[in-house]
Amino acid sequence: MAFWVSNHVCKWRNYNRLGMETRSMSSAHFQKHLISTKKSFRKNIGAYVYCLYGMEKDPALPPKQHLIDARVIYSLAPALGHNQESHPESSARVPAIVDALEKMELTSKFRGSEIFELRSFKPASVDDIASVHAEAYVSGLEKAMDRALQQGIIFIDGSGPTYATAMTFHESLVAAGAGLALVDSVVMSWSIKLVAASNISTDPPVGFALIRPPGHHAIPKGPMGFCVFGNVAIAARHAQRVHGLKRVFIIDFDVHHGNGTNDVFYDDPDIFFLSTHQDGSYPGTGKIDEIGRGAGEGATLNLPLPGGSGDTSMRNVFDEVIVPCAQRFKPDIILVSAGYDGHVLDPLASLQYTTGTYYMLASNIKQLAKDLCAGRCVFFLEGGYNLDSLSNSVVDSFRAFLGEPSLASKFDDPAILYEEPLNKVKQAIQRAKHLHYL
Ligand SMILES: [Zn+2]
């Protein structure tokens with residue numbers, strides 16, 4: 001999506017200082033100017049506005065009116081060809097979510113312009129992927145597609161294991177591209193609304209990339225744990241490179257540690273990675289004292305939670321750790337690794353989140369983004385392997401984005417829950433607060 005900078009003359013509005021004064025410059029000049037002035041500019045407004053000529057002609061962006069009206073923008077990349085019989089990370093996952101959204105009348109067919117499905121996005125480029133992964137890995141995976149075509153399915157050594165079919169390379173590019181297009185859309189929506197703030201609702205849309213294969217375990221040198229390309233990490237780099245959004249806050253509430261994202265940004269002070277996960281679960285990384293390295297020390301927060309942690313635990317974590325951490329970091333955009341395998345019904349782990357927990361997270365993260373970064377926020381699907389709890393949780397997340405009441409009481413059965421280890425959770429929270437001076 002480098003078209004924003006490379007293919008157009010950009011206008012850059014310094015909204016606060018210059019009001020509506022607009023300067024036009026070539027993309028190269030623009031980049032140079034951006035680097036030299038963004039420090040002082042950030043002091044004034046904390047972000048930049050890009051306005052683009054020819055935007056409405058670009059088929060990869062939603063029509064301007066949709067960007068104004070939408071409260072949820074989502075993209076689908078179901079990867080129907082990337083599938084292994086009986087594997088939990090299966091091609092049935094995204095279609096199950098889509099069926100549930102339709103059943104609950106949460107698509108544009110029922111909601112008009114409030115909910116917009118972004119369809120005309122492009123696959124990510126190899127350059128996009130290489131912003132996070134080694135080029136040798138990307139080219140090696142592409143070459144492995146011939147072998148996968150002959151054998152039907154292959155397993156990549158030392159990756160968790162992660163399977164690949166002949167479609168995996170292309171469908172993984174599509175998944176990453178679906179996320180990048182949502183970053184473009186939410187940033188553009190904000191720009192349009194800011195310019196026309198006096199007469200348009202300022203309620204910004206949240207993006208949700210309903211994509212697979214997931215990404216947060218994929219390490220720079222290879223795939224891992226069902227994950228092929230680090231979708232959220234690639235989007236974070238894209239937000240920086242293409243939109244000049246310097247500070248990215250990533251929240252990962254999947255039940256497993258997002259070790260891939262963690263590794264990519266471990267020494268980067270501008271990308272804060274905050275992961276909550278079940279203590280001792282795959283892949284065993286993400287200990288509480290893993291806080292970043294060098295210039296990035298303090299910009300990684302890992303909070304392992306004891307098995308059995310549930311709704312109350314996560315509400316406490318959100319209020320006591322996530323909120324103060326994000327407030328102090330002052331992000332330009334929030335990206336979310338949204339895994340639904342912490343649900344009490346999920347077969348791969350043993351936390352006790354409920355549909356209501358995911359509603360709370362969606363609602364609170366949206367509010368956090370509104371408070372801190374003009375609402376710029378994109379969710380990325382990671383885990384979630386019970387198709388019912390996965391679908392219901394995404395449905396309720398959409399309702400949270402729309403500001404509508406939760407349907408969790410219809411989905412959740414309190415009788416299956418047991419007592420949470422709240423004392424242990426409290427100790428973990430205190431330890432994280434101590435380590436991070438919160
Ligand atoms: Zn997971």
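In β5, which residue is the bridge partner of Y74?

Modeller: The bridge partner of Y74 in β5 is E117. Before going further, please note that this is a predicted model, in which local features need pLDDT of at least 70 and side-chain atom pairs count only at pLDDT 80 or more, while totals for chains, interfaces and linings use all residues. Residues are numbered from 1 along each chain as its sequence is written.

The names of the elements follow a rule: helices (H or I, at least four residues) and strands (E, at least two) are DSSP runs, numbered from the N terminus. The protein chain comes to 16 helices and 13 strands. Two strands pair if DSSP finds at least two bridges between them. Strands of a sheet pair through backbone hydrogen bonds, either parallel or antiparallel.

Y74 belongs to strand β4, residues 72–77. Three bridges join β4 to β5, and the two run parallel. With β8, β4 pairs in the parallel sense over six bridges, and there Y74 stands opposite F208.

β4 is mostly covered, with six of its six residues buried; a residue is buried if 20 or more other C-beta atoms lie within 10 Å of its own, exposed if 12 or fewer, and partly exposed in between, with C-beta atoms placed from the backbone. In a regular strand the side chains alternate between the two faces of the sheet. In β4, V72, Y74 and L76 lie on one side and I73, S75 and A77 on the other, and all are buried. Across the protein chain of 438 residues, 52% count as buried.

The whole sheet is open and has eight strands in the order β5-β4-β8-β13-β12-β9-β10-β11, with parallel pairing. Its edge strands, β5 (115–117) and β11 (300–305), each pair on one side only. Neighbouring strands of this sheet are turned by 15 degrees against each other on average, direction ignored; axes are lines fitted to C-alpha atoms, for helices over the stretch in contact, and angles run from 0 to 180 degrees between N-to-C directions.

Further along the order, three bridges join β8 (residues 206–211) to β13 (residues 377–381), which run parallel, and A209 stands opposite F380 in β13. Helix α13 (residues 355–373) packs on the sheet, touching β8, β9 (248–252), β12 (333–338) and β13, and its direction makes about 160 degrees with that of β12. Two residues are in contact if their C-beta atoms, placed from the backbone, lie within 7 Å.

Two packed helices are described by the angle between their axes and the distance between the axes. The axes of α13 and α14 (residues 387–402) come within 8 Å and cross at roughly 35 degrees. Their crossing is right-handed; a crossing is left-handed if the near helix is turned anticlockwise from the far one by less than a right angle, and right-handed if clockwise. Among the residues that meet are Y358, Y359 and A362 in α13 and D396, R399 and A400 in α14.
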